[in-house]
Amino acid sequence: MTDEEFEEFYAHSVKPLVGQVYLMTGDLHEAQDVVQEAFVRAWGRRARLDAGAGPEAWVRTVAWRLAVSRWRRGRRAAEAWRRHSEAAPAAPEPDPTTVALTDALRGLSDRQRRVAVLHYVCDLSVAQVAHETGISAGTVKTHLSRARAALAPRLLEEEHGV
């Protein structure tokens with residue numbers, strides 16, 4: 001991938017990837033940070049990235065792994081983000097649908113949330129989700145079914161204002 005192709009790839013992919021990782025992690029600041037770090041790593045290997053071979057999946061996987069590594073490190077990173085966000089300017093209010101979806105997704109297990117976001121938000125097939133997550137297609141289908149079952153009542157409650 002040339003420098004120009006990478007710049008175009010970045011411009012086209014950064015917002016959707018941040019949104020996808022945000023839905024997987026539930027933390028916008030963390031999602032922005034790990035996606036940026038993943039793009040920095042992708043820049044270093046841009047000559048080996050093939051635009052036709054799904055560099056977006058590579059960046060998303062690296063971002064997910066970075067997020068998991070950060071979770072394992074514990075409270076220091078979370079406390080630093082809290083201190084940092086207090087000094088940040090106020091962001092616009094998110095729309096209620098996004099808040100409802102994010103809250104509903106937080107009620108799922110990590111694996112169910114990741115599989116649901118990859119399938120429904122990233123529009124990946126079951127086979128692609130299985131490949132990206134390293135789990136079997138049958139397990140992906142099971143997690144999707146359980147995620148739908150868990151999300152349905154939460155989203156219906158929100159829709160009906162219960």
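Predicted model: local features only at pLDDT ≥ 70, side-chain atom pairs only at ≥ 80, totals over all residues.
**Ground rules.** I number residues from 1 along each chain as its sequence is written, and side-chain values use heavy atoms, without hydrogens and water. Local features need pLDDT of at least 70 and side-chain atom pairs count only at pLDDT 80 or more, while totals for chains, interfaces and linings use all residues.

**Overview.** I found 8 helices and 0 strands in the protein (DSSP runs numbered from the N terminus: H or I of at least four residues for helices, E of at least two for strands). Of the 162 residues, 36% count as buried (under 20% relative accessible area with a 1.4 Å probe, protein chains only; exposed is over 50%, partly exposed in between).

**Cores.** I looked up the largest nonpolar core, which has 21 residues (buried Ala, Val, Leu, Ile, Met, Phe, Trp, Tyr and Cys joined through side-chain atoms within 4.5 Å). Helix 1 (3-25) and helix 8 (137-159) are among those supplying at least two residues each. A second, separate core has 19 residues, including Val34 and Leu66.

**Helix 1 and helix 6.** How far apart are the axes of this pair? I read 8 Å, with a packing angle of about 150° (axes are lines fitted to C-alpha atoms over the stretch in contact, and angles run from 0 to 180 degrees between N-to-C directions). Helix 1 is therefore roughly antiparallel to helix 6 (angles over 145 degrees; under 35 is roughly parallel, 65 to 115 roughly perpendicular and the rest oblique). Gln20 and Leu23 of helix 1 and Arg113 and Val117 of helix 6 are among the residues making the contact (heavy atoms within 4.5 Å).
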